[in-house]
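Here is a briefing for a first look at a protein chain. Please keep the sequence and the 3D view open while reading.

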Amino acid sequence: MADGIQGSLGEYKDGIQVLKTGRLHEEYREEIDYLDTDKNLLDRLLKGMGKETVGRMEHKWLTQERKKDFVAFTSIDGAWGAGPANAGTFTVDTADVFLFAEGDIFKLIDFSDTRAFYVTAVDLGTGVVTAQTVDLQTADLSTFAGTQNLFLIGNSFESGTGKGTIKTEQPTEVSNFVQIVQTPMGITTTAKNLNYRGQNEWDKIRYERGIDHMFSKEKLFFFGEKKYDQTGRMDGTYEQWFMGGLTEFISTHVVDVAGALTQAEFKNWLIDCTQYSDMSTIFTGEIIYEALTQWAETKLELVRSEQTLGMAVANYQTPYGKNVALMPHRELLKEDLAGVAFCVDLKDLKYITVSGLDDHLEVDIEQPDLKQKIDEWRTWLSMRVLQEKRHGYMKGVTSISNS
């Protein structure tokens with residue numbers, strides 16, 4: 001038998017022959033196993049924000065705080081320690097001097113929590129406040145070296161006298177720009193019609209670019225920088241806008257640890273961040289979240305029936321009783337950002353987009369004479385941080401301290 005085969009089938013070796021491997025179909029699982037493409041994991045901040053639309057590329061809002069109760073002074077002058085020793089001056093910053101008027105009463109807590117001072121005159125131009133003791137007794141402040149502020153507690157008027165002095169805090173204007181975010185995708189006509197393994201190649205590309213587009217928005221919400229160019233940096237013809245993110249607007253509660261994070265540092269930062277917040281969430285980098293877990297493992301007492309080794313911390317309670325949700329953002333706050341954390345009041349943030357220009361897909365934007373298929377995800381994107389003091393930003397954590 002010229003073409004016959006006897007015995008076991010195998011490659012031609014030692015008198016044995018097998019079927020050629022080219023005659024066998026390869027065994028493939030017809031799905032692609034993606035890594036780090038889950039939208040639920042990437043869009044952590046976006047999912048907790050409210051959404052508003054605007055009609056301009058720059059949107060503005062106003063913030064205002066209640067008038068100060070404590071005002072810093074830069075110097076104490078006058079005859080506090082000589083003569084009648086019951087009158088002299090304090091000098092405050094000219095930005096704060098409007099808080100003082102004739103008839104006001106304040107205390108200097110470091111000096112005395114019972115003695116009060118009565119304002120007799122105010123120089124709005126220089127910030128000099130002239131005062132005397134309410135009891136008209138000696139108050140020797142000539143060598144006073146305290147660090148307390150002037151504590152405003154009210155005023156006193158004579159019976160039958162006129163009106164007081166109006167004091168009004170003016171709102172502060174804040175603004176942000178709408179940034180045009182675009183993520184293109186393309187495929188040649190040939191490749192679009194080839195028989196690829198897994199899902200349809202064009203569907204695969206569109207899915208991947210959609211994930212990239214969504215995560216770009218998330219990163220801009222955290223780290224965007226505000227800027228406007230009247231002449232853009234591409235064609236040099238049109239305007240171009242850059243939106244500011246949390247790092248742009250948070251300025252008060254910013255802590256640069258620049259080393260090992262201690263429990264006291266984290267606690268104090270969180271107390272400040274949550275003073276005025278309603279629904280705070282901490283988005284943590286890997287190092288900081290591991291620090292919280294390590295501290296919990298060394299401090300919490302477990303019941304004897306516990307069979308799980310290790311611990312996951314989901315909430316942190318401040319000494320003032322505020323519960324703050326903890327959310328490790330391991331898809332974003334990792335590697336060079338592993339030592340970063342944001343304390344965010346989600347009720348205070350707004351996702352902003354131009355009306356009708358939220359996430360959408362522009363299709364068939366390729367040149368007509370090209371054998372290509374090009375679409376593009378586009379979003380007119382911005383955010384609004386209503387009161388930056390309801391948020392916090394920690395950075396520079398390189399290690400964990402158990403102290």
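E286 counts as partly exposed, at 24% relative accessibility. Here buried means under 20% relative accessible area, exposed over 50%, and partly exposed in between (1.4 Å probe, protein chains only). This is a predicted model, in which local features need pLDDT of at least 70 and side-chain atom pairs count only at pLDDT 80 or more, while totals for chains, interfaces and linings use all residues. Residues are numbered from 1 along each chain as its sequence is written, and side-chain values use heavy atoms, with hydrogens and water left out.

**The E286 salt bridge**

- E286 forms a salt bridge with R330; the closest N and O atoms are 3.5 Å apart. A salt bridge is a side-chain nitrogen of Lys or Arg within 4 Å of a carboxyl oxygen of Asp or Glu.
- The pair links distant parts of the chain, 44 residues apart. E286 sits in helix α6 (residues 286-299), and R330 in the loop between β17 (323-328) and β18 (341-345).
- Helices (H or I, at least four residues) and strands (E, at least two) are DSSP runs, numbered from the N terminus.
- R330 is exposed, with a relative accessible area of 52%.

**Other salt bridges**

- The whole structure holds 20 salt bridges.
- K68 and D96 form one of them through their side chains, at 3.1 Å from N to O. This pair also joins distant parts of the chain, 28 residues apart.
- K68 is in the loop between β2 (58-63) and β3 (70-71), and D96 in the loop between β5 (87-92) and β6 (104-108).
- K68 counts as partly exposed, at 42% relative accessibility. D96 counts as buried, at 13%.
- The side chains of K227 and D229 meet in a salt bridge of 2.8 Å, N to O. K227 is partly exposed, with a relative accessible area of 38%, whereas D229 counts as buried at 10%.
- A network of salt bridges links K204, E208, R209 and D212.

**Helix α3**

- Helix α3 covers residues 201-223, which is 23 residues. At 1.5 Å a residue it should span 33 Å, and its end C-alpha atoms are 33 Å apart, so the two agree. The expected span is 1.5 Å times one less than the number of residues.
- N200 caps the N-terminal end of α3, with a side-chain oxygen 3.0 Å from the backbone nitrogen of W202.

**The chain as a whole**

- The chain has 6 helices and 22 strands.
- Of its 403 residues, 37% count as buried.
- Among contacts between residues at least 6 apart in sequence, 73% join residues at least 24 apart. Contact means heavy atoms within 4.5 Å.
- The accessible surface comes to about 24200 Å², and 48% of it belongs to carbon and sulfur atoms. Areas come from the Shrake-Rupley method with a 1.4 Å probe; for residues, only the protein chains shown count as cover.

**A seven-strand sheet**

- An open sheet is formed by 7 strands in the order β3-β9-β6-β7-β8-β5-β4, with antiparallel pairing.
- β3 and β4 (73-77) stand at the edges with a single partner strand each, so one side of each has no neighbour in the sheet.
- β7 (residues 117-123) and β8 (residues 128-133) pair in the antiparallel sense over 6 bridges. Two strands pair if DSSP finds at least two bridges between them.
- F117 has T133, in β8, as its bridge partner.

**Around R384**

- R384 lies in strand β21 (residues 372-385). R384 counts as buried, at 11% relative accessibility.
- The side chains of R384 and H59 make a polar contact at 3.3 Å. A polar contact is a pair of N or O atoms within 3.5 Å; within protein, one must be able to donate a hydrogen and the other to accept it, and residues adjacent in sequence count only if both atoms are side-chain atoms.
- Leaving out residues up to four places away in sequence, R384 touches E52, V54, H59, W61, D348, L349, K350 and I352.

**Positive phi values**

- Most residues other than glycine have a negative phi.
- L136 has a positive phi near 60°. L136 lies in the loop between β8 and β9 (150-155) and is partly exposed, with a relative accessible area of 48%.
- D364 has a positive phi near 55°. D364 lies in the loop between β20 (360-362) and β21 and is partly exposed, at 46%.
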